[in-house]
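This briefing covers a few packing features of one structure, grouped by topic for reading alongside the sequence and coordinates.

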Amino acid sequence: MDGLPDMHDGFFDGLWTSENKSVHLFLRTETGERSTIVLKDVERMNVSNFKAGNIILDVVLVDSDVLTVEHIEQVYELSEPEKVQQLLKKARERGLSSLEVNPSYGADCIVLFRTAQILSGHVLPTAT
């Protein structure tokens, strides 16, 4: 992902969600460099096992055209093949991508969204 420092062995410090379907993910490198990934038009998010000291294995961006059944199953927590196929088709038609924060320890995170932006530092949204 362009503009995001290497997050291997970094930290997933937290997240913020808003009523306008955006999510801010707060990440920190092993050396302490902070970044915020801002995801907009979020369709679905699944975060589990959040703990103090979440250590990142990697951060993976999956473009719409290469989304798989497994991504949809994970983000929706579904195993109904027909429903999963419908949701996959809808996600591709809408141009949605997936962002995964995979752990070495702690939080698993997958988000289905339309656009992403990377900001330096831990940045909260401003009031509009």
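This is a predicted model: local features need pLDDT of at least 70, side-chain atom pairs count only at pLDDT 80 or more; totals for chains, interfaces and linings use all residues.

T29 is found in the loop that runs between β2 (23–28) and β3 (34–40).

- Leaving aside residues up to four places away in sequence, T29 touches P5, D6, M7, G10 and F11.

The aromatic pair
- The structure holds one aromatic pair, which is formed by F12 and F50 in an edge-to-face arrangement, with 5.2 Å from centre to centre and 75° between the planes.
- F12 lies in strand β1 (residues 11–17), while F50 sits in the loop between β4 (44–48) and β5 (55–62), so the pair ties together parts that are 38 residues apart in sequence.
- F12 counts as buried at 3% relative accessibility, whereas F50, with a relative accessible area of 41%, is partly exposed.

Nonpolar cores
- The largest nonpolar core has 16 residues, and those with the most contacts inside it are F12, L25, L27, I37 and L39.
- Two or more residues are given to this core by each of the elements β2, β3, β6 (97–105) and β7 (108–113).
- In soluble globular proteins, nonpolar side chains tend to be buried together.

Key. Residues are numbered from 1 along each chain as its sequence is written. Side-chain values use heavy atoms; hydrogens and water are left out. Rings of Phe, Tyr and Trp (its six-membered ring) pair if their centres lie within 6.5 Å; planes under 30 degrees apart count as stacked, over 60 as edge-to-face and the rest as tilted. Helices (H or I, at least four residues) and strands (E, at least two) are DSSP runs, numbered from the N terminus. Buried means under 20% relative accessible area, exposed over 50%, partly exposed in between (1.4 Å probe, protein chains only). Contact means heavy atoms within 4.5 Å. A nonpolar core is a set of buried Ala, Val, Leu, Ile, Met, Phe, Trp, Tyr and Cys residues joined through side-chain atoms within 4.5 Å.
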